[in-house]
Amino acid sequence: MPEGEVERLGDEIVAALKTVYDPEIPADIYELGLIYRVDIGDDRHVTIDMTLTAPGCPVAGEMPGWVENAVMAVGGVQGVTVNMVFDPPWDQSRMSDEARVALDMW
């Protein structure tokens, strides 16, 4: 991949992830800290490790598909694999300041 291509793809993937919201929480999954890893392969296949705020989340079965669809819409992405992980467990310390403001959690 050309020098700046990984950076461009990374920025656009993060922007795409910020369009995905947990319907019960008024903050996107990226700012909530639900995305643990984004790996862009040389073949432009993206692998994402993500979690949920709780394993019993009502959209647990749907959210990986939402993430896959959002990232597949990024120009240049050839494929997406979303891995749901629960180790380490999510906690509020993973939230960005933006998410904390949106949720009034200081």
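## Basis of the model

Helices (H or I, at least four residues) and strands (E, at least two) are DSSP runs, numbered from the N terminus. This is a predicted model, in which local features need pLDDT of at least 70 and side-chain atom pairs count only at pLDDT 80 or more, while totals for chains, interfaces and linings use all residues. Residues are numbered from 1 along each chain as its sequence is written, and side-chain values use heavy atoms, with hydrogens and water left out.

The confidence score pLDDT is given by the predictor for each residue, from 0 to 100. The protein chain has an average pLDDT of 92, and 99% of the residues score at least 70. Confidence in the protein chain is highest in strand E2, at 98, and lowest in helix H3 (residues 97-103), where the mean is 90.

## Salt bridges

A salt bridge is counted where a side-chain nitrogen of Lys or Arg lies within 4 Å of a carboxyl oxygen of Asp or Glu. By this rule the model has five salt bridges. Burial is described by relative accessible area: buried is under 20%, exposed is over 50%, and partly exposed is in between (1.4 Å probe, protein chains only).

Arg8 takes part in two of the pairs described here. With Glu5, the closest N and O atoms are 2.7 Å apart; Arg8 and Glu5 are three residues apart in helix H1, which separates them by about one helical turn. With Glu12, the N to O distance is 2.9 Å; this pair is four residues apart in H1, again about one helical turn. An α-helix has 3.6 residues a turn, so residues three or four places apart point the same way. Glu5 is buried at 15% relative accessibility, whereas Arg8 is partly exposed at 29% and Glu12 is partly exposed at 33%.

Arg37 and Asp49 form another salt bridge, with the closest N and O atoms 2.9 Å apart. Arg37 lies in strand E1 and Asp49 in strand E2, so this pair ties together parts that are twelve residues apart in sequence. Arg37 is partly exposed, at 35% relative accessibility, and Asp49 is buried, at 16%. Salt bridges with shared partners also join Glu5, Arg8, Glu12 and Arg44 into one network.

## Helix H2

Helix H2 covers residues 63-72, and its buried residues are Met63, Pro64, Val67, Ala70 and Val71. Seen down the axis of H2, these residues fall within an arc of 130° (taken from the directions from the helix axis to the C-beta atoms), so they line one face of the helix. The cover over the buried residues of H2 includes helix H1 (5-17), strand E2 (45-50) and strand E3 (79-84).

Ala73 lies in the loop between H2 and E3 and is exposed, with a relative accessible area of 65%.

## The loop between H1 and E1

Asp28 is found in the loop between H1 and E1. The side chain of Asp28 does reach the backbone nitrogen of Glu31, at 2.8 Å. Taking contact as heavy atoms within 4.5 Å, and not counting residues up to four places away in sequence, Asp28 touches Leu17, Lys18, Val20, Tyr21 and Glu98.

Pro23 is also in the loop between H1 and strand E1 (35-40). Pro23 counts as exposed, at 56% relative accessibility. With residues up to four places away in sequence not counted, Pro23 touches Val59 and Trp66. Pro23 and Trp90 are 67 residues apart in sequence and 17 Å apart in space, C-alpha to C-alpha.

## Backbone geometry

A cis peptide bond joins Asp87 and Pro88, with omega about 5°. Pro88 is found in the loop between E3 and H3.

Arg44 is found in the loop between E1 and E2. The phi of Arg44 is near 70°, a positive value in a residue other than glycine. Arg44 is also one of the residues in the salt-bridge network with Glu5, Arg8 and Glu12.

How values were computed:
Polar contact = N/O pair within 3.5 Å; in protein donor to acceptor, adjacent residues only side chain to side chain.
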